[in-house]
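Hi,

Here is the structure I promised you.

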Amino acid sequence: MIRIKKNKPQISPETKSFRTIRRLNLNRTYTPLKIGAIVGYILLGMLSTSSSLFGIFVGAILHRLVGM
């Protein structure tokens, strides 16, 4: 059984672990991107639209080349 020492400060849930802070300090190029849910959905929709339009474009070119 683990005994809790008296007068020990509580650990806040907002504190980051030491390894995470050290890793972020060592690797300065890594910056986590924090975006909202709505912006994420907009980006996902834009990616889906662009890939769909690219597929339609390639299909139209192939249709022209085959001559149907």
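Below is what turned up.

This is a predicted model, so local features need pLDDT of at least 70 and side-chain atom pairs 80 or more, while totals for chains, interfaces and linings use all residues. Residues are numbered from 1 along each chain as its sequence is written, and side-chain values use heavy atoms, leaving out hydrogens and water.

The protein has two helices and zero strands (DSSP runs, H or I of at least four residues for helices, E of at least two for strands, numbered from the N terminus). Of its 68 residues, 0% count as buried (under 20% relative accessible area; exposed is over 50%, partly exposed in between, with a 1.4 Å probe and protein chains only).

Helix α2 covers residues 37-66 and includes M46, which counts as exposed because its relative accessibility is 52%. The 30 residues of α2 should span 44 Å at 1.5 Å a residue, and the end C-alpha atoms agree at 43 Å apart (the expected span is 1.5 Å times one less than the number of residues). After α2 comes G67, with a positive phi near 90°.

Cheers
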